[in-house]
Amino acid sequence: MLAAVYNGVNQLDLLEHSIRQLKGGEVLIKVSYCGVCGTDHHIISGKAPAKIPVILGHEFSGVIVDKADNVNEIQIGDKVAVDPNIFCGKCKYCRKAMVHFCENHHALGVTLDGGFAEYAVVPSSQIYSLPNEFDLSLAAFAEPLSCCLRGIKQADIKPGDTVAIIGGGAIGLMMIQLVKLSGAAKVILVEPIESRKKIGLKLGADIAFSPDDKNLVKSILDYTDGGTDVAIECVGKKETVELSVNLVSKGGCIVIFGLASKNETIELNLHELFQKEIKIHNSFLNPFTFDAAVKLLVSGKINLNDIPTSKVQLKNIIDIFKNVDHTRIIKSQVTN
């Protein structure tokens, strides 16, 4: 089969790769779509770790084409989405229901072969079945949506809250919708690209600002009568995290969701934090949220059709990691 194999920093090689024999509890998926995540870019550029060599791609969906003899709950021909995060269930963190900190954690597309391939071998425990008529391109959003749901839990949004979303990429645009579903009264988007701002407004943001606005903080403080209740940072940059601190009101909550490079640091005024009693949370992986993500997608509660998505053939995957027109394309998916 054809597969995109990570062989070191800036080395993504398109190769013929063998399909190994299934072990007990495993299934073979013919991959339909695999989303390209910011994590993939970080791995290839050396800013995030991964096994070498490994087939990348952790946001994927497909169809079951084979299964081990002891797999009974899934049938050949089923459409499925895949949760890439595999937890041991035995370490001290798993026993405290903190599976995302599992000491023996593995991830398809990072430490195990993933979805940038024609086929993928997956433990049946990671499979979520879908209706026969469901669009597998939409199903490939289940993994990033499940991570967003973890961020939403960390944000602890109350009905009537005012929430700022910083960053209008695919994650930010899904966050806008989840924030609305959580009962927020006002949703503010901060995003520099005009086309993304327009999409954000269509998907539920009440107002959109550019980070280049010299009066940005004052404008948002005026609009919210003193600051937002919650700010969700979806960029992973020093400047946007520090902006979040400036936007939230006293007693507010910040969720740093964006993945930053390993050496990225921020500066915080400790006296200001003391006076405002700001709560700062991070959001890591997707503990116990994948099932909810699939249900939200199948129910149609999350609109993905308005998020510009580029479908790229696996044979052309290298093109994705070159220059991308982010004013036109927000999400890329690899397809067979």
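1. Three aromatic pairs are counted in this predicted model, where rings of Phe, Tyr and Trp (its six-membered ring) pair if their centres lie within 6.5 Å.

2. Tyr93 is partly exposed, at 25% relative accessibility, and Phe101 is partly exposed at 36%. Buried means under 20% relative accessible area, exposed over 50%, and partly exposed in between (1.4 Å probe, protein chains only). Tyr93 and Phe101 form one aromatic cluster with Phe284.

3. Tyr128 and Phe290 make a tilted pair, with 4.8 Å from centre to centre and 40° between the planes. This pair links distant parts of the chain, 162 residues apart: Tyr128 is in strand 10 (residues 127–129) and Phe290 in helix 10 (residues 290–299). Helices (H or I, at least four residues) and strands (E, at least two) are DSSP runs numbered from the N terminus. Tyr128 is partly exposed at 22% relative accessibility, whereas Phe290 is buried, with a relative accessible area of 2%.

4. Lys30 lies over the face of Tyr119, 5.8 Å from the ring centre, and Lys186 lies over the face of Tyr223 at 4.6 Å. A charge sits over a ring if NZ of Lys or CZ of Arg is within 6 Å of the ring centre and within 35 degrees of the ring normal.

5. Residues are numbered from 1 along each chain as its sequence is written, and side-chain values use heavy atoms, without hydrogens and water. Local features need pLDDT of at least 70 and side-chain atom pairs count only at pLDDT 80 or more, while totals for chains, interfaces and linings use all residues.

How values were computed:
Rings of Phe, Tyr and Trp (its six-membered ring) pair if their centres lie within 6.5 Å; planes under 30 degrees apart count as stacked, over 60 as edge-to-face and the rest as tilted.
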